[in-house]
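The sequence and the structure are shown first.

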Amino acid sequence: MKSTKNILLNLFDSYIFWDIDVEKINIQKEYELIISRVLMFTDSNHFFKNIESLKELFSFNLIRNTVLNTKERISDEIISLFSKTYSLNIKSKFNSNVCFA
């Protein structure tokens with residue numbers, strides 16, 4: 001069985017987890033950390049690749065619910081992309097008066 005480090009670093013760029021010992025991450029228990037962190041460090045060029053990689057680890061419902069409920073500061077660019085791609089209304093993580101639809 002692959003280690004957590006190998007799983008995460010095979011799917012995502014290492015800088016995403018720059019300050020975390022990935023060997024200590026429990027993928028199933030710390031899904032919010034992983035999903036939020038990946039989306040915080042992605043951009044429009046890597047968005048679809050990273051979403052597909054997240055889907056290798058988690059169900060889409062879990063990813064969607066994390067994006068909808070996280071307090072982490074995922075960029076408006078990524079929230080907008082997620083919103084448009086999956087036809088969801090999502091509030092900006094920076095400005096509660098802005099909603100992407």
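## The buried face of α3

In this predicted model, helix α3 spans residues 47-57, and its buried residues are F47, N50, I51, S53, L54 and L57. Viewed along the axis of α3, these buried residues lie within an arc of 160 degrees, so they line one face of the helix.

## Packing of α2 against α3

The axes of α2 and α3 approach to within 10 Å and cross at roughly 170 degrees. Because angles over 145 degrees count as roughly antiparallel, α2 and α3 are assigned to that class.

On the α2 side, the contact is made by I34, I35, V38 and L39, and on the α3 side by F47, N50, I51 and L54. Classified by residue type, this contact of α2 with α3 comprises 7 nonpolar residues, 1 polar residue and no charged residues. The four α3 residues in the contact, F47, N50, I51 and L54, are also among the buried residues of that helix.

## Packing of α2 against α4

Helix α2 (residues 31-40) also packs against helix α4 (residues 60-69); their axes come within 10 Å and cross at roughly 70 degrees. This angle falls in the range of 65 to 115 degrees, and α2 and α4 are therefore roughly perpendicular to each other.

In this contact, Y31, E32, I35, S36 and L39 of α2 meet L62, I63, T66 and V67 of α4. By class, the contact has 6 nonpolar, 2 polar and 1 charged residues. I35 and L39 of α2 take part here and likewise in the contact with α3.

## I79 in helix α5

I79 is located in helix α5. With a relative accessible area of 1%, I79 is buried, because the cut-off for burial is under 20%. Apart from neighbours within four places in sequence, I79 contacts V67, I74, I90, K91, K93 and F100. V67, one of these partners, also belongs to the α4 side of the contact with α2.

The C-alpha atoms of I79 and I20 are separated by 24 Å, and the two residues are 59 residues apart along the chain.

S87 lies in the loop between α5 (76-86) and β1 (90-91). Although S87 is not a glycine, its phi is positive, at about 50 degrees. S87 has a relative accessibility of 67% and therefore counts as exposed, whereas I79 is buried.

Note on methods. Residues are numbered from 1 along each chain as its sequence is written. This is a predicted model: local features need pLDDT of at least 70, side-chain atom pairs count only at pLDDT 80 or more; totals for chains, interfaces and linings use all residues. Side-chain values use heavy atoms; hydrogens and water are left out. Buried means under 20% relative accessible area, exposed over 50%, partly exposed in between (1.4 Å probe, protein chains only). Helices (H or I, at least four residues) and strands (E, at least two) are DSSP runs, numbered from the N terminus. The arc is that of the directions from the helix axis to the C-beta atoms. Axes are lines fitted to C-alpha atoms, for helices over the stretch in contact, and angles run from 0 to 180 degrees between N-to-C directions. Angles under 35 degrees count as roughly parallel, over 145 as roughly antiparallel, 65 to 115 as roughly perpendicular and the rest as oblique. Contact means heavy atoms within 4.5 Å. Ala, Val, Leu, Ile, Met, Phe, Trp, Tyr, Cys and Pro count as nonpolar, Asp, Glu, Lys and Arg as charged, and the others, Gly among them, as polar.
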